[in-house]
Amino acid sequence: MYSVFSENPVLSLEVQAKAPQKEVERMNRFVVLVTHFFRRFFDNPLTSLDDENATRVIQAICAVAVPGLMFAMSLIPSYFRFPPPFPAPPRGFWPRVSDHYFYVLYTAVVTGAVTVFEWDMLFPDKIDILVLTPLPVLSRKLFTAKIVSLSAFLSLFLAGSSILGAVFLPAIADEPSYFRHLAAHIIAVAASGTFATAFFVALESVLLNLLGERIFSRISSVLQALVLTGLLIVLFLFPLLSHNIRILLLSGSHVMQYFPPFWFLGLYQLLLEGASALPVFHSLAITSGLALLAAVLLACVTYPLAYRRKTRSLIEGFVAKNRRNWFAETKNKFLHCTVLHRPRQRAVYHFISQTLKCAPQHRVYLSIYAGIGLALIIADSVTFKLANGQVGFVFSEKGLHTAVPLAAFWLIVGLKAAFTVPFELTANWPFHVIGIRPDHEHIVATQRWTLLRALAVTTVFVFLGAELDPATLGTTHAMVSRLFVAQGISLLLVDIFFLQFMAVPLAAPLAYSKRNIAFALAAFLVLFQGYIETTVSAEAWLQRSTVRLVIAVILIAVIHLGLQYQQRKMIRERASLPQDMDLEDFPQRLGLS
């Protein structure tokens with residue numbers, strides 16, 4: 001007989017008594033429960049290719065620790081005083097404040113994003129309830145094990161995101177007291193990360209208590225994606241905010257009063273400078289202490305109540321009501337008459353839509369790309385200015401022009417990356433049993449699903465830019481030109497990024513997705529700047545005459561048809577290759593050894 005907690009056999013009491021002390025400790029129920037819950041945080045198809053949890057932990061910690069080290073290394077030329085004949089002025093006060101702001105912000109974003117990314121695992125799920133509750137284990141012990149594993153998991157990322165900055169920044173910065181700077185850094189950064197974690201744990205707990213599991217499950221994924229997008233936007237806006245940090249803090253604006261990273265920046269400066277700190281840092285430090293205390297207390301009070309309510313709802317269950325969606329039916333009929341003429345196209349198109357509805361992790365994955373894209377758009381389009389003692393926003397004309405190509409690029413790349421990550425790889429066995437291999441109809445449906453979303457998003461950005469700055473689109477011809485550029489780059493980007501996409505979306509092996517993500521990242525680093533400049537220049541070129549617009553239509557049509565022809569050729573060549581026999585392992589053996 002084997003334990004459901006581990007792979008070790010359940011030994012008799014006599015054998016356990018003769019076993020070494022280490023073996024007895026390893027079979028301790030509480031330790032096994034904590035280990036089980038901790039490992040489940042990393043049981044995510046988006047994070048690894050294998051089941052080696054130790055490797056996943058090390059990779060995750062390194063991933064969040066490296067940016068802090070790289071930022072500290074980039075500051076060495078700013079702090080290091082070169083000897084003559086290359087003297088360098090000492091780093092000013094406000095640039096030092098912006099350096100401290102980065103670490104406070106980065107740790108808060110990392111811990112908050114990890115907490116939100118593991119949103120569904122903060123509480124027991126149906127598998128935990130069905131497997132663990134029938135066992136002779138006290139509910140109190142299950143709850144305690146969950147708390148310990150959750151605390152260990154979040155503390156791991158809190159320490160990983162801040163440890164290298166705490167080691168290197170005080171050593172690089174030429175402050176009067178190294179140990180005081182070290183203590184200020186550790187306390188402020190740890191408080192910032194703890195606040196972010198406690199806030200999002202409390203947020204989910206409060207929503208579960210107020211709405212219940214049934215309603216919360218409907219809005220959970222959308223809220224999760226929005227929060228992750230917001231956190232990434234805040235992180236990628238660091239250059240913009242740090243450049244204007246003096247204006248923001250000294251203007252008396254309400255922005256700083258409702259922006260948590262500024263609270264803990266005030267704590268950082270107060271601990272570092274003491275009584276000589278600016279008055280604004282004193283008030284921000286007081287706010288940070290009150291906010292941290294409130295978030296922790298709220299999480300401690302609401303989490304046990306939400307844990308109990310979620311556990312009971314999972315045991316009792318609930319019946320979801322299926323309501324007829326007239327809008328969806330009308331939309332599908334229109335699509336079937338226009339762009340989805342064949343049954344296989346309709347099958348793949350609706351397979352994508354229905355699968356993404358049941359894949360919260362993929363929606364989180366897409367929110368990461370959305371956050372990066374929106375952050376770049378905002379950073380390129382918005383600047384701060386101080387007028388009459390108040391901070392205002394100014395929109396850049398060039399930034400508004402780059403918003404459309406940025407949105408199209410990150411949307412299509414994000415969808416392509418999400419399609420190459422399997423939702424449930426073992427559930428794809430029917431594709432292999434019937435011997436189906438993705439053909440041109442399947443790929444066309446995937447491209448059209450992506451293209452329709454890209455067309456909608458880029459059109460929204462065109463009209464949003466016209467609304468924010470009407471002077472940029474003063475004529476009808478200018479509006480038509482910008483719309484054409486938006487639709488044209490969406491079409492060509494879909495053709496280019498999906499040229500070698502030879503799989504059913506959300507059903508490809510994970511190794512395939514890793515290769516494509518790496519390729520997309522390389523393409524971004526090498527070609528992105530040229531792509532943006534070319535798109536903006538093309539828009540200006542098209543606005544000069546209608547003849548140029550007609551020439552551009554013909555050129556895009558020729559490129560599109562050429563890419564489609566090349567893709568059909570690649571599909572025919574792939575069809576002549578033998579099937580991968582390893583893919584047939586699951587249906588015959590059902591995952592059994």
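I take buried to mean under 20% relative accessible area, exposed over 50%, and partly exposed in between (1.4 Å probe, protein chains only).

**Ground rules.** I am working with a predicted model, where local features need pLDDT of at least 70, side-chain atom pairs count only at pLDDT 80 or more, and totals for chains, interfaces and linings use all residues. Residues are numbered from 1 along each chain as its sequence is written, and side-chain values use heavy atoms, with hydrogens and water left out.

**Salt bridges.** I counted a salt bridge wherever a side-chain nitrogen of Lys or Arg lies within 4 Å of a carboxyl oxygen of Asp or Glu. The structure has six of them.

I looked up Glu213 and Lys310 and found their side chains paired at 3.0 Å, N to O. This bridge ties helix 9 to helix 13 (residues 279-316), with the partners 97 residues apart. For helices I used DSSP runs (H or I, at least four residues), numbered from the N terminus. Glu213 and Lys310 are both buried.

Next came Arg40 and Asp125, which meet at 2.9 Å, N to O. Arg40 sits in helix 3 (residues 29-40), and Asp125 in the loop between helix 6 (93-117) and helix 7 (126-132), 85 residues away. Arg40 is buried at 14%, and Asp125 is buried at 17%.

Glu441 and Arg342 form a bridge of 2.5 Å, N to O. Glu441 belongs to helix 19 (residues 440-468), while Arg342 is in the loop between helix 14 (326-338) and helix 15 (343-357). Here Glu441 is buried at 8% relative accessibility, but Arg342 is partly exposed at 47%.

**Cores.** A nonpolar core, as I used it, is a set of buried Ala, Val, Leu, Ile, Met, Phe, Trp, Tyr and Cys residues joined through side-chain atoms within 4.5 Å. The largest one has 80 residues, and Tyr101 is one of those touching the most other members. Helix 9 (residues 178-236) contributes the most to this core, 16 residues. I also noted a separate core of 55 residues, including Leu340 and Phe501.

I then listed contacts (heavy atoms within 4.5 Å). Leaving out residues up to four places away in sequence, Tyr101 touches Phe238, Ile245 and Phe262, among others.

**Val64.** Which helix holds Val64? I found Val64 in helix 4 (residues 53-74), buried at 11% relative accessible area. Tyr106 is 42 residues away from Val64 in sequence, yet 9.3 Å away in space, C-alpha to C-alpha.

**Cysteines.** My search for disulfides (cysteine sulfur atoms within 2.5 Å) came to zero. Cys62 is partly exposed at 42%, and Cys337 is exposed at 62%.

Technical notes:
Helix = DSSP H or I, 4+ residues; strand = E, 2+ residues; numbered from the N terminus.
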